[in-house]
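Welcome, and please open the model in your viewer.

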Amino acid sequence: MKEECEVVELDERKIKILYAIIQTYLETGEPVGSRTISKYSDLKLSSATIRNEMSDLEEMGYIMQPHTSAGRIPSDKGYRLYVDHLIQEKDREVTELKELMIRRTDKMEQVLKQVVKVLASNTNYATMISAPQYHQNKLKFIQLSKVDENQILAVIVAEGNVIRNRLIPVCEELDAESILKLNILLNTMLNGKTIAEINLQMISSMKEQAGIHSNIISDVVDAVAEAIYSDEGMEIYTGGATNIFRYPELSDNGKASELIQTLEEKQMLAELVTETLSKEEKGIQVYIGSESPIKSMKDCSVVTATYELGQGLQGTIGIIGPKRMDYENVMSTLKTLMEQLDDVFHK
């Protein structure tokens, strides 16, 4: 109860100054003075006013002065308030995003199912389309928590409400303060970054700051990569599987059944989607015979295209047919379809 009262005493100005101190200290590792805060924050306050506010924050236990005449550094209590605020902020963002996606899901599913049906009818080939997913996701939040003396749990939240959990073994027991500081370090350095933006220099800097817990940084970065690039839960819709029987070179019992199984099970299609989305060139891709990443399609041609709905949302359209397919018609159809999908989902 006492702690709740103290939080209430922190008005908006004090909170902004506290966060400015914490963020500056995280960036520099040096005690923070009032002059630095007067330049850093958007409060437009004098150094004297900021000094008074910092004195109040120190009395309340949110910051402390390591030496006389030095600036202030955050206390564990200050870190706790900062992290709790971050968690609330990220939870709210995830909830808002989830509600938006739920509203769009019904419309999207109906449209995509219709797309593969019409596409199969117009081309006389087998077709597929993946529901749009966030590509090159940005990391939203990391939360480390202790499970027991030998392991911690890392919860990774990426854009699109992608959540992954990973148990990380630890060689030495971590106390609450160490876990808190690791949480702050990881979130400060990695929030809002894509995996491509997390470079070796950044990882080295985090490891140096983590000290004896540097091995945890590598494990968390691996978990972040998995969360951003995972194809778990990918929705793929297919159509026109029986069109395969129109072509003698594909209608052999063994070949046809293997192809139809691939279209039904969809796991290998997810790999095709992942490969298509990972390519720098986002236009139309043509895989002929053995060029296909899917073994069961080595006697086929597969033409794919990436459609984009903005804000990093991307999906893949694919047409599967014989090597003698009408490439010109297929490419023209895909190009038109990409434009139509853009129109539908931006209405």
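In which helix is the place of Thr123? Select helix H5, residues 76–123, and you will find Thr123 there; helices are DSSP runs (H or I) of at least four residues and strands (E) of at least two, numbered from the N terminus. This is a predicted model, in which local features need pLDDT of at least 70 and side-chain atom pairs pLDDT 80 or more, while totals for chains, interfaces and linings use all residues. Residues are numbered from 1 along each chain as its sequence is written, and side-chain values use heavy atoms, leaving out hydrogens and water.

Stay on Thr123: it is buried because its relative accessibility is 6%, and buried means under 20% relative accessible area with a 1.4 Å probe, protein chains only. Show its side chain, which reaches the backbone oxygen of Leu119 at 2.8 Å. A polar atom of that side chain also lies 3.3 Å from the backbone nitrogen of Tyr125. Next, select Tyr247 and Ile319, which Thr123 contacts (heavy atoms within 4.5 Å) when neighbours within four places in sequence are left aside.

Now colour the largest nonpolar core, a set of 42 residues; such a core joins buried Ala, Val, Leu, Ile, Met, Phe, Trp, Tyr and Cys residues through side-chain atoms within 4.5 Å. Among the residues with the most contacts inside it are Leu112, Ile129 and Leu341. Elements giving two or more residues to this core include H5, strand E3 (126–130) and helix H11 (327–345). A second, separate core of 26 residues includes Ile22, Tyr79, Leu86 and Phe141.

Finally, zoom out: the protein has 11 helices and 11 strands.

How values were computed: Buried < 20%, exposed > 50% of the residue type's maximum accessible area, 1.4 Å probe, protein only. Polar contact = N/O pair within 3.5 Å; in protein donor to acceptor, adjacent residues only side chain to side chain.
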